[in-house]
Amino acid sequence: MELVNPTTALEKTAKAPAGRPAALAFVTDAESEAVLQGAFLEEAPGAVLRGNIIKAVQHLSGARSPHILVVDISDVALPVTEVHRLADVCEPGVSVIVIGARNEVGLYRDLLQAGVAEYIVKPLTPDLIAKALSTAVHGVDAAPISRKLGKLIAFVGARGGVGTSTMAVNLSWYLANRHARRVALLDLDLHNGVCSLLLNLPPSSGLRDALENPMRVDSLFLERTMTPHGERLFVLGSQEPLEEDLQFPAKAIDNLVEVLREQFHYIVVDVPRLSSAVSRRVLEISDTRAIVVDQTLQAVRDAARLSQVNGIDGRERRDLIVVNRQGETGRHALRVDEVAGALEQRLRCIVPFQPALFASAGARGIVPVEQKGHFADAIGALATEISGQPTPRISRWRLFR
Ligand SMILES: Nc1ncnc2c1ncn2[C@@H]1O[C@H](COP(=O)(O)OP(=O)(O)O)[C@@H](O)[C@H]1O
Ligand SMILES: [Mg+2]
């Protein structure tokens with residue numbers, strides 16, 4: 001565990017999260033722009049920008065998504081492909097209204113299938129847009145893009161000390177900063193959680209409150225209680241007195257996860273070793289369980305037992321083995337192929353043991369994965385496994401913005 005550098009800790013908390021706009025439109029012509037500006041004044045406050053859906057994709061890769069998004073496809077060669085791209089960069093809970101010039105049933109059907117709430121053929125009129133906005137607001141359930149929910153990734157260690165918290169924190173940082181995803185990091189160890197510390201943040205509080213009063217959890221509660229790290233990573237944990245015995249029913253976590261799934265692309269959970277009803281529930285409802293092991297017989301045996309904890313029937317879920325601290329004990333360790341054989345899995349996520357990197361990152365007040373190198377590459381491979389996507393090449397203008 002690294003020591004906290006108090007100055008960086010303060011600097012990092014100073015930045016408040018940017019809010020989510022109610023509505024946003026990208027249109028290519030002045031006429032549509034005027035109609036939308038009028039409609040936004042009446043129906044939903046929002047900004048109208050000049051540009052087509054491609055510009056919208058660029059914009060939303062780096063900014064918060066609005067609740068309602070209007071995009072123009074008039075001059076776009078492959079509109080349905082662009083809608084899929086848009087769905088990929090949008091946060092959960094966005095209703096998309098598409099406007100365009102072509103009046104074709106086939107296109108209309110394809111766009112609805114791709115998840116848009118409504119397609120309007122130009123010229124835009126106040127009536128048409130008012131109707132579409134009201135469908136988008138009230139009929140959200142009908143539009144798949146808005147129903148796209150964040151994924152729950154549970155990190156659990158086969159043994160203590162294998163680096164479970166380290167993997168959870170570094171992966172969260174990577175998804176937030178290299179994949180530009182919104183990430184909620186939950187530290188379920190209410191007594192000895194280290195996630196905030198590893199991010200050089202002050203101890204987070206609020207998770208206990210969320211578990212004690214699940215019905216009070218809503219987006220406002222989260223905005224107040226989660227600790228931001230940069231623009232896209234938010235931590236929720238607690239630091240409760242060691243002598244207090246905290247027990248919550250399994251369902252206490254359900255509402256929290258449900259609300260988080262609507263606001264974040266990923267909910268990464270650091271699941272503590274000591275099993276509790278809430279931890280078991282997280283393992284049950286997660287989309288991916290990342291089981292962290294080192295190259296020891298004990299870890300491999302416990303990982304095999306962990307992967308037998310069942311999920312909820314009918315829910316698609318997968319287990320991913322992460323081998324951490326590779327190379328730590330040299331030739332006394334099990335070989336990676338032996339670990340793979342024992343667990344009957346191909347191992348794609350192997351993270352090197354790099355104590356010097358950890359020491360220097362700690363001294364500089366950064367997370368080890370921020371430093372380019374073998375460790376960051378390994379976490380990148382883990383992010384690719386989890387997201388199904390390679391690390392995006394970030395363009396220069398975004399790096400220097
Ligand atoms: N790949 C690694 N290289 C070097 N040190 C590591 C690595 N992974 C974890 N550590 C160190 O190992 C210790 C235990 O890690 P931690 O994440 O707290 O383990 P766990 O959550 O499994 O108990 C910490 O001091 C951490 O800095
Ligand atoms: Mg831990």
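Which elements make a right-handed β-α-β unit? β1, helix α2 (residues 30-42) and β2 do. Right-handed here means that, with the strands pointing away from the viewer, the path from the first strand over the helix to the second runs clockwise. Helices (H or I, at least four residues) and strands (E, at least two) are DSSP runs, numbered from the N terminus.

A word on the source. This is a predicted model: local features need pLDDT of at least 70, side-chain atom pairs count only at pLDDT 80 or more, and totals for chains, interfaces and linings use all residues. Residues are numbered from 1 along each chain as its sequence is written, while chains are lettered from A and ligands numbered from 1 in the order in which they are written.

Now the overall picture. The protein has 18 helices and 13 strands. Of its 401 residues, 41% are buried. Buried means 20 or more other C-beta atoms within 10 Å of the residue's own, exposed means 12 or fewer, and partly exposed lies in between, with C-beta atoms placed from the backbone. Take contacts between residues at least 6 apart in sequence: 75% of them join residues at least 24 apart. A contact is two C-beta atoms, placed from the backbone, within 7 Å.

Back to those two strands. β1 (residues 23-27) and β2 (residues 46-50) run parallel, joined by 5 bridges. A23 has G46 as its bridge partner in β2. Strands pair if DSSP finds at least two bridges between them.

Next, the open sheet. It has 8 strands, in the order β8-β9-β7-β10-β6-β11-β12-β13, with mixed pairing. β8 (227-229) and β13 are the edge strands, each pairing on one side only. From one strand to the next, the twist averages 25 degrees. Axes are lines fitted to C-alpha atoms, for helices over the stretch in contact, and angles run from 0 to 180 degrees between N-to-C directions.

Helix α14 (residues 297-306) packs on this sheet. It touches β6 (151-157), β11 (288-293) and β12, and its direction makes about 165 degrees with that of β11.

β8 and β9 (residues 233-236) run antiparallel, with 3 bridges. There, H229 stands opposite L233.

V323 stands opposite I350 in β13. Between these strands the chain passes through helix α15 (residues 336-343), and this β-α-β crossover is right-handed.

On to ligand 1. Which residues come nearest to it? Of the 17 around it, they are G157, G163, T164, S165 and T166. Near means a C-beta atom, placed from the backbone, within 6 Å. α8 (164-177), β12 (318-326) and α16 (355-364) each supply at least two residues of the shell. α8 gives the most, with 3 residues. By class, the shell has 7 nonpolar, 9 polar and 1 charged residues. Ala, Val, Leu, Ile, Met, Phe, Trp, Tyr, Cys and Pro count as nonpolar, Asp, Glu, Lys and Arg as charged, and the others, Gly among them, as polar.

Last stop, one glycine. G237 sits in the loop between β9 and α12 (252-263). Is G237 buried or exposed? G237 is buried, because 26 other C-beta atoms lie within 10 Å. Beyond its neighbours within four places in sequence, its contacts are D187, G193, C195, S196, S204 and L207. D209 is 28 residues away along the chain, and the C-alpha atoms of G237 and D209 are separated by 9.8 Å.
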